[in-house]
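Please load the model in your viewer and keep the selection panel at hand. We will go from stop to stop along the strands.

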Amino acid sequence: MSDPVIRAEALSVVLDGRTVLDDISLEVVPGEVLALVGPNGAGKSTLLSVLSGERVPTSGQVLVDDRDVRTFSPLELARRRSVLTQDNSLSFPFRVIDVITMGRAPWTRTDEIARDGEAITSAASRADVTHLAGRRFTELSGGERARVSLARVLAQDTAIVFLDEPTAALDLRHQEDVLRIARDLALAGRAVVVVVHDLSLAGAVADRVALLSAGRLVAVGAPSVVLTADAISNVYGLPVRVVDMDGRPLIVPQR
């Protein structure tokens, strides 16, 4: 295994007197997809925002390349990691091509600007939004907006990629496309952290799964090790059956 690009050490987040994250330590490694899973309110999105440097923890620290993430300038962070949030809204009716181009902003006044055209074209194609290039973002469906937002992240072309529920608004085909993109990013040596609600999707795409419950890290490891019937039933309060599908866990609620 490669050396971690991110180390989270004893992270805790307290909001309005409520502990959202409680003493979490975790590593993010290049060349793998790490899926954050758990029930609603488990702290998945909060953990992702802390790991990405967008939220400061109440205690503990996040190291990126052995450097405290709080010492990075916003521009340095934007060149090191990209973040797809759950919120895909924009206030102004930008054209789709302009939204994707925003992902190249961190590379302005660098030699990387020469790659803008290639990066934008590739990102649009991979996210299947090339045909939407001239449309206004505000006129798109929820799924189309999600794919355009993903294209913006891909155009940013960073070594670390954070995806918060990237399949939530997508149809079956585009869910599979996003899973393939995440896998391809990891195979290219990127570190990918993804929040996923669908445990079977997490089991299908992740190299490692981090299972959270009530702000605590219950388990982290290979999907087949973490996503067991007992662990899922205990965390979600719902009996499930886990089916082995070519070495990947498929989770089926017992109805």
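The tour below says what to select next and what is there.

This is a predicted model, in which local features need pLDDT of at least 70, side-chain atom pairs count only at pLDDT 80 or more, and totals for chains, interfaces and linings use all residues. Residues are numbered from 1 along each chain as its sequence is written, and side-chain values use heavy atoms, with hydrogens and water left out.

**Stop 1: strand S9.** Select residues 208–213, which make up S9. Strands here are DSSP runs of E with at least two residues, numbered from the N terminus. S9 is mostly covered, with 5 of its 6 residues buried (under 20% relative accessible area, 1.4 Å probe, protein chains only).

Stop 2: Two strands count as paired if DSSP finds at least two bridges between them. Look for Leu-36, which stands opposite Ala-210 in S9.

**Stop 3: an open sheet.** Next, show the 4 strands ordered S2-S1-S4-S5, an open sheet with antiparallel pairing. Strand S2 (18–28) and strand S5 (67–68) are at the edges with a single partner strand each, so one side of each has no neighbour in the sheet. Finish at strand S4, residues 59–64, which meets S5 in the antiparallel sense over 2 bridges. Val-64 stands opposite Arg-67 in S5.

Notes. Buried means under 20% relative accessible area, exposed over 50%, partly exposed in between (1.4 Å probe, protein chains only).
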